[in-house]
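Below is a briefing on one protein model.

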Amino acid sequence: MREIVINGVRIRPGQSINIEIAIARLPTHTLIDLPIFIKRAKEEGPVVLISGGVHGDEINGIVSVRRMLEEEVIHPIKGTLIFIPLVNIYGFLSNSRTFPDGRDLNRSFPGSKKGSLASQIAFILSNEIIPLIDFGIDFHTGGRMLSNFPQIRVDYKDKKGLELARAFGTHFILNSPHIEKSFRKEAYKKRKHILVYEGGESMRLDEYAVEEAILGTKRLLIYLGMMEGSIETRQTIMVKESSWVRAKVSGIFTSSVRLGDEVKKGQILAKISDPYGQLKIPIKATHNGFVVGLNNNPVVNSGDALVHVGRVDNF
């Protein structure tokens, strides 16, 4: 069987073990560790990473991975699962997407042992985790006041990734080319396949997004032969292209659609009014598709993203 060693600790078949990798110290000299939880079955199989909190304010992903751990709902009969519920501890402590110096971990790969804090953690993931795994699921959310309907983002050119996305089986699969210096791109360069799940918005718990994250993970692991059981599958909608409909004027934003709704070209998606009842501007769909993202902020400025509409691809 293949050898699995993380931070000098060997994980043997049948072992469940927790590892803490020392990262750095806060200005108070409080030591910060990166906790990693490993469950290895006795029988050989794929190694899958399940991670959340690459952006520290994306709480749904953190809760999704934590719940899989604490409720014992994900347990392999074959292969190995590596759980990292909270990758960006610094961002979590400050309710921030980024690190104290403003750097985005998901744009810092492959990282450097002596670089910025973000670069150092990227270096640990690039050298301690990515070489071990076959596949991964990285849980994310939308931004502040921007909510995403449960979706998997994968580069359609990555045929294995697309196969895994279909097996995950949540509502939408969005074509998302690899971004330079991202976690997903770094893994892909090493012939590993990481899916990005998006659900809900940052700094706000969304129970449905968490449930979909867990159900999709179960589907994928069953598909890979790592778990027993069956879960009801749903029709997954392929979205080859998507774009945000933006505000033409500033004002009070009132949406006429909900996340997941199907929309037609020319349909009124929302209205923007002034605070005095003198002005109402309709916002219309520019093409047929589905609402995959929505702005929850009632006060918007000209140019703000309002409704994310995905075009349907029929292959």
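Ile252 stands opposite Val299, a residue of strand E17. Two bridges join strand E12 (residues 251–255) to E17, and the two run antiparallel. The model is predicted: local features need pLDDT of at least 70, side-chain atom pairs count only at pLDDT 80 or more, and totals for chains, interfaces and linings use all residues. Residues are numbered from 1 along each chain as its sequence is written, and side-chain values use heavy atoms, with hydrogens and water left out.

**Terms for the fold**

- Helices (H or I, at least four residues) and strands (E, at least two) are DSSP runs, numbered from the N terminus.
- Two strands pair if DSSP finds at least two bridges between them.
- Buried means under 20% relative accessible area, exposed over 50%, and partly exposed in between (1.4 Å probe, protein chains only).
- Contact means heavy atoms within 4.5 Å.

**Overall form**

- The protein has six helices and 18 strands.
- Its radius of gyration (over C-alpha atoms) is 20 Å. The globule rule, 2.2 Å times the number of residues to the power 0.38, gives 20 Å for 315 residues, so the protein is as compact as a globular protein of that length.
- The C-alpha trace spans about 70 × 50 × 35 Å along its principal axes.
- Of the 315 residues, 53% count as buried.
- Take the contacts between residues at least 6 apart in sequence: 68% of them join residues at least 24 apart.

**Strand pairing**

- Strands of a sheet pair through backbone hydrogen bonds, either parallel or antiparallel.
- E12 and E17 belong to an open sheet of four strands, in the order E15-E14-E12-E17, with antiparallel pairing.
- The edge strands of this sheet are E15 (280–284) and E17 (299–300), and each pairs on one side only.
- Strand E7 is mostly covered, with eight of its eight residues buried.
- E7 pairs with strand E5 (residues 43–52) in the parallel sense, over five bridges. Ser51 has Asp138 in E7 as its bridge partner.
- E7 also runs parallel to E10, joined by seven bridges. Here His140 stands opposite Glu198 in E10.

**Largest pocket**

- The search uses a 1 Å grid over the protein atoms alone. A pocket is an open set of points with protein on both sides within 12 Å along at least five of seven lines, and a cavity is a set where a 1.4 Å probe fits but cannot get out. Lining residues have an atom within 4 Å of a point.
- Grid points are joined across faces, edges and corners, and a volume is the space filled by probe spheres set on the points.
- The largest pocket holds about 520 Å³ of space.
- Its lining has 28 residues, and Arg107, Arg153, Ser176, Ile179 and Glu198 lie nearest the centre.
- Elements that give two or more residues to this lining are strands E7 (135–142), E8 (146–154), E9 (172–175), E10 (193–201) and E11 (237–246), along with helix H5 (183–189).
- E7 gives the largest share, four residues.
- By class, the pocket lining has eight nonpolar, 13 polar and seven charged residues. Ala, Val, Leu, Ile, Met, Phe, Trp, Tyr, Cys and Pro count as nonpolar, Asp, Glu, Lys and Arg as charged, and the others, Gly among them, as polar.

**Cavity**

- One cavity of 30 Å³ or more is present. The largest cavity has a volume of about 50 Å³.
- Residues lining the largest cavity include Val154, Asp155, Arg184, Tyr188 and His193.
- H5 and E10 are the elements that give two or more residues to this lining.
- The cavity lining divides into three nonpolar, three polar and four charged residues.

**Helix H4 and single residues**

- Helix H4 (residues 159–168) has buried residues Gly161, Leu162, Leu164, Ala165, Ala167 and Phe168. They pack against E7, E8, E9, E10, helix H6 (207–223) and E11.
- Gly169 follows H4, and its phi is positive, near 70°.
- Lys185 sits in helix H5. Lys185 is buried, at a relative accessible area of 17%.
- Leaving aside neighbours within four places in sequence, Lys185 is in contact with His178, Ile179 and Glu180.
- Lys185 and Asn106 are 79 residues apart in sequence and 9.7 Å apart in space, C-alpha to C-alpha.
- Thr98 lies in the loop between helix H2 (89–93) and helix H3 (117–129). Thr98 is buried, with a relative accessible area of 17%.
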